[in-house]
Amino acid sequence: MKTTKFLPLLLLFVLASCSSVRVNYDYDKKATFDNYKTYAYHKSGIDKVEISDLDKRRILVAIDEQLAAKGFTKSETPDVVINFFTKEREQVDVNQFNAGWGYGWGFGWNPWMWGNNTSVSRYTEGTLTIDIIDAKKKELIWQGQGEGVLTGNADKKDKLINEFVTKILAQYPPKK
């Protein structure tokens with residue numbers, strides 16, 4: 001009886017962990033981030049990203065919104081240049097729940113008493129990496145990366161992409 005109450009709770013935690021975006025970032029410790037106020041995109045780099053133009057536009061709009069909220073403006077002569085790239089991979093999870101422990105014909109484990117359940121789930125996990133490059137020095141000064149589960153649902157893509165970009169750029173500029 002305890003097992004049947006525990007299983008839905010376990011599934012809830014598994015699903016909740018799949019929906020979040022995990023973020024990492026790194027930066028040049030010598031860079032003075034207070035000096036950067038304007039930005040532009042690295043068009044030739046973004047053109048090479050192998051995702052749909054709709055998704056590229058979603059990412060660019062989300063980046064614009066986040067940087068505008070931080071006081072940045074677009075410029076023809078920018079302080080920083082922004083590039084991004086993506087990766088995706090299919091993940092397969094195999095979960096086996098075996099409730100074969102307990103009383104049976106003797107003491108210990110009995111494989112026929114309770115049986116087991118095996119579930120297989122497939123999903124696509126994606127990575128979005130945002131690079132911020134010093135325009136004058138042509139050096140990478142900050143890189144943020146977000147990983148999470150992707151969706152093919154067009155209605156949910158805006159929210160998901162915005163979540164990726166928001167969580168990644170929440171780390172920019174780095175706090176000293």
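Arg22 is located in strand β1, which spans residues 22-27; strands (E, at least two residues) and helices (H or I, at least four) are DSSP runs numbered from the N terminus. The structure is a predicted model, in which local features need pLDDT of at least 70 and side-chain atom pairs count only at pLDDT 80 or more, while totals for chains, interfaces and linings use all residues. Residues are numbered from 1 along each chain as its sequence is written, and side-chain values use heavy atoms, with hydrogens and water left out.

The side chain of Arg22 forms a polar contact of 2.7 Å with that of Glu125. Such a contact is a pair of N or O atoms within 3.5 Å; within protein, one must be able to donate a hydrogen and the other to accept it, and residues adjacent in sequence count only if both atoms are side-chain atoms. Arg22 and Gln145 are separated by 123 residues in sequence, yet their C-alpha atoms lie 8.2 Å apart.

Turning to the overall fold, the protein has four helices and six strands, in the order α-β-β-α-α-β-β-β-β-α from the N terminus. Of the contacts (heavy atoms within 4.5 Å) with a separation of 6 or more, 72% join residues 24 or more positions apart. Of the 176 residues, 30% are buried. The protein exposes about 12000 Å², with carbon and sulfur atoms supplying 56% of that area; accessible areas come from the Shrake-Rupley method with a 1.4 Å probe, and for residues only the protein chains shown count as cover.

Val120 belongs to strand β5 (residues 116-134) and is exposed, at 54% relative accessible area.

Two backbone features also deserve a look. Lys138, in the loop between β5 and β6 (139-149), has a positive phi of about 60° although it is not a glycine. Lys138 is exposed, with 68% relative accessibility. The peptide bond from Tyr172 to Pro173 is cis, with omega near -15°, and Pro173 sits in the segment after α4 (154-169). For context, most residues other than glycine have a negative phi, and most peptide bonds are trans.

Terms used. Buried < 20%, exposed > 50% of the residue type's maximum accessible area, 1.4 Å probe, protein only.
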